[in-house]
Number of protein chains: 2
Amino acid sequence: MLRLSTLFVRTLREDPSDAEVASHRLLVRAGYIRRAAPGIYSWLPLGLRVLDRIETIVREEMAAVGGQEVRFPALLPREPYEASGRWHEYGPNIFRLRDRKEADYLLAPTHEEMFTLLVKDLYSSYKDLPLVIYQIQTKYRDEARPRAGLLRAREFIMKDAYTFDVDDAGLDAAYQNQRLAYQRVFRRLGLPTVIVSAVSGAMGGSHSEEFLYPTPVGEDTFVRSPGGYAANAEAVTTPVPPCVPLDGQPEAHIEDTPDASTIASLVTVANERFPRSDRPWQASDTLKNVVVVLIHPGGERETIVVGVPGDRDVDMTRLAASLEPATVEVAEETDFARHPELVRGYIGPAVLGVNAPDSGAALRYLLDRRVVSGTRWITGANTHGRHVFDLLAGRDFVAAGAEGQPTVEAAEILEGDPAPDGSGPLTQARGIELGHIFQLGRKYSKSLGLQVLDSGGRQVTVTMGSYGLGVTRTMAALAEANHDERGLIWPINVAPAHVHIVATGKDGTVFAQAERIALELGDRGIEVLYDDRPKVSPGVKFGDAELLGVPFIVIVGKGLTQGVVEFRDRRSHTAQEIPVDDAVGAIAERVAEAQAALETYPDEDIA
Amino acid sequence: MLRLSTLFVRTLREDPSDAEVASHRLLVRAGYIRRAAPGIYSWLPLGLRVLDRIETIVREEMAAVGGQEVRFPALLPREPYEASGRWHEYGPNIFRLRDRKEADYLLAPTHEEMFTLLVKDLYSSYKDLPLVIYQIQTKYRDEARPRAGLLRAREFIMKDAYTFDVDDAGLDAAYQNQRLAYQRVFRRLGLPTVIVSAVSGAMGGSHSEEFLYPTPVGEDTFVRSPGGYAANAEAVTTPVPPCVPLDGQPEAHIEDTPDASTIASLVTVANERFPRSDRPWQASDTLKNVVVVLIHPGGERETIVVGVPGDRDVDMTRLAASLEPATVEVAEETDFARHPELVRGYIGPAVLGVNAPDSGAALRYLLDRRVVSGTRWITGANTHGRHVFDLLAGRDFVAAGAEGQPTVEAAEILEGDPAPDGSGPLTQARGIELGHIFQLGRKYSKSLGLQVLDSGGRQVTVTMGSYGLGVTRTMAALAEANHDERGLIWPINVAPAHVHIVATGKDGTVFAQAERIALELGDRGIEVLYDDRPKVSPGVKFGDAELLGVPFIVIVGKGLTQGVVEFRDRRSHTAQEIPVDDAVGAIAERVAEAQAALETYPDEDIA
């Protein structure tokens, strides 16, 4: 039994000033966590209990698909990450340090390298595979903008699993097993998730999916179509329109377009002064050239220009995903100052990339995938107040594909855009990424030399998957999914207690009865949080009970004179009186019902 | 059930080349841990199981004395450690790093500051106290010489508890409770420990004790007396002899002492050439001046000289404990080269400290506590081949007490030295420090401002204790205490399984019976490690079973034709045949007996 008189917790009336989202606000206010540094939290007893229960569910589902638990260090030497290339690729996103002998170390954000090396150390034959190993462990990322409490932290807990197989079919099966395990975990937690296609990013590998909990406070944007397509916005590919023949198209011509430094004003000016006969000019007829800065892993800044149809903004997240491991920032005044050829509002291809052959310093120029050969554009003429019309892609300008990346996924997705698989128009929503599963293939096994003998005695490179699940982030998502304006409402299988007993008033009988009920429930294996504080008002006690979020609240107070206690369901706000003599049995029954409801999800129910 | 055919483990025939001690050797060979970097280990499934069981016992005993579990980050900001002074004091012994915003962080070696701040954040009244909170958490120390596997690691797991009380009596009671909890933990683990007085070192505080597991491979030296005195050698205080009147003592005189650059040769030369009338000269009549280098927390090197009676060496560990937070190293050639006044073999007080008033650069001179005023010494005359006789402490030389530390505990302790409390002659032994408990008092609460209102409405500074228990180190100590030349022998309450079933031969009936026994034991809650490998020889299987160290081994093989299986006790090497039909019941009984024997230690038995 937890007694509130001695439990190490204090609730706060005020929201913490840095808390933007409900989970952050409520977990701090209810005394589950406390901030220790930006993106770094301490865990109080109630928080640790919830975390522990989530971890138990994850462990059970990992075991159910044959996962064996191991644990790696958080502090790791540079060498394996050097061998895989990630020491460099992670750039400023990892914490690095040197030991007293000046050797380089990192605080690991994920452990592909170490798992690969350990399997190489122990195993040598196809007979040893398949293998599924996982850990639940503290991880680190030096986030540029830690925010939203546990949602984007710098020290956090992840479950990361890794599978090892001799062939692609094995990897497929392992991947499907992990996918099923994730579905079971989130079903048991009562968390609805959407599985979306994702980009693999720095992790590498051929195929990956994310498990998102849909909520407007999520940082990830994802899309869905009526026909079942679902993807992280970063992973959406733009259907490339067909090329248009260059022959017979009008010549480009430069026109005066005063006061047309924005797309909207350019469309207005074009329609007023240079109307086209078939239809009015639209924003999508213009080519907008946006200046951005790439930050390469080594820290070098590169100013580039990205051309997108004028009806769309550049989506910095999608652009960044296209250009990994570099990250992307908006260009600043100083970046423009270094490039006087960039006339703001009138930037055009002629000064960019290979279109400016005489300029040794021309900026790299990337184009959205819609800008195919033969498409006609109104775009900047690189002079204040002038634009060029009928500029033809592939004839008058090309992307600066020197590095083999002429077109990129740079433009934002708009509601109604077609799904790339033809399954209909896309709708967008936001979500929290709870899990990300990867078919890594042979990236790590190749770079670190993990081979086994196959049944024919040949050395074959092992194929791998990696599967991350954010444990602390899942706890935050649970708080997002389970709260109201008064506080948290935990699902019973992760709640810090099953029943919160509140003794009100000053009557000794009340406290004696409350204590008896608490003890008898404890004897039945029911976990009780007992508010036994002697001199705290009922209002404060009720408020704390609603804030803390134990799913059932039992009030032992004045009703005792009529022989009843009050039983409240925290979620539905329903209350009923139950005879005090039957209270233990009745409460135990409700607890058992609630547990049974959450724990029985046959796999057939999983979509 | 764990099946060896799929369990992620490989045993090694050879000892790892860097393994000096049994626990390191066997935990690696048996596949419990693997080295990831110097002093940093990965945990395989069997290792994690043992670790988890030790943690459970620690949790239970913390709960039994009212401990509430919390968890702090490992990555912590500099500021609180700056406020307590430890950012500086820890010197190179902690891992430090900077985040992307150039803010200083450390990987915490212990969490006094954070616990103090959290209690300050939550609590404000004497009514909130006493409080006992603890965590089991990954900690870091950048050891100069990580060694012996888990015994001296750089990433390790500790239980650290902290108590908060309004007054000294409260702290005393809290300290005794923790002490009792530690005794219970080690009794349950079957680990004999010696509780010794200790020095508090960088932790601060007034009183501390260590729990040592006595073993020759331990890094700590401790002493005991017949009368019950027990202390870490670092904490032993030397009884100071009475001063001798200076009046009437002979004048100092310098003599030629060729070939007397060692204490032994000096004693010989003195007895040959300058015999004394009452008795022969002894080594203890000489004053040996030893040059050492202090490394201050900021990294500065300071060469000093320490004078000790010639019959004793300087004990670098005791000297270091006296000079914390500085550390101590042996002087190197380059240190001597910078000080030509140091004539090796003939160093004397005249060129040292305040005894050399004309030298602005004279080295600081510290003296052992036995060198009291009026004692007469033969010591170096700072010229090759010459010593000074009848040099009187307090008349002819003094310690360079500029910094208020004229005498130090510098000399080694010898067997038979008197205990400081008069309880008899000391004996020495070595041990592994498993726990260290501290009465911190108000060091941290004062520097970080932790006060509460007392019952009279006055602000009082809280008094604290801190209590560390090395969890991974305890696992190593368990391996030291429980092994033989063939492998590990786990106590049943921490073993990775209760029973190891070995199926031998190729007979399908053997595997079927072994499987049945394993499943039926599992149904009774007994944890089974089943060696189901189909094509592995009995010899290899027996060897693995003995190396892995599950306490009971059941061999299902040829005996089946006579209707028996073999039951072996791993520790006693005794074996008996049991009828296969009764095997499950008989095995379950033995397991239950072994569990009961370990788990029943009444507190009265605790010394």
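How many helices and strands are there in chain A? In this predicted model, in which local features need pLDDT of at least 70, side-chain atom pairs count only at pLDDT 80 or more, and totals for chains, interfaces and linings use all residues, residues are numbered from 1 along each chain as its sequence is written. Chains are lettered from A and ligands numbered from 1 in the order in which they are written.

Chain A contains 14 helices and 32 strands, where helices (H or I, at least four residues) and strands (E, at least two) are DSSP runs numbered from the N terminus. Its C-alpha atoms fill a box of roughly 95 × 70 × 55 Å along the principal axes. Of the 607 residues in chain A, 48% are buried, that is, have 20 or more other C-beta atoms within 10 Å of their own, with C-beta atoms placed from the backbone.

Chain A is divided into domain 1 (16–71 + 108–236 + 427–481), domain 2 (253–408) and domain 3 (490–599), with bounds from an automatic or database domain assignment. The centres of domain 1 and domain 3 of chain A, taken over C-alpha atoms, are separated by 36 Å. Their contact (C-beta atoms, placed from the backbone, within 7 Å) takes 11 residues from domain 1 and 10 residues from domain 3 of chain A. Helix α2 (residues 45–64) of chain A provides the largest share of the domain 1 side, 5 residues.

Between the chains, 40 residues of chain B are in contact with 40 residues of chain A. Elements of chain B that give two or more residues to this side include α2 (45–64), α5 (112–122) and β8 (131–140).

Key: Contact = placed C-beta atoms within 7 Å. Buried ≥ 20, exposed ≤ 12 C-beta atoms within 10 Å, placed from the backbone.
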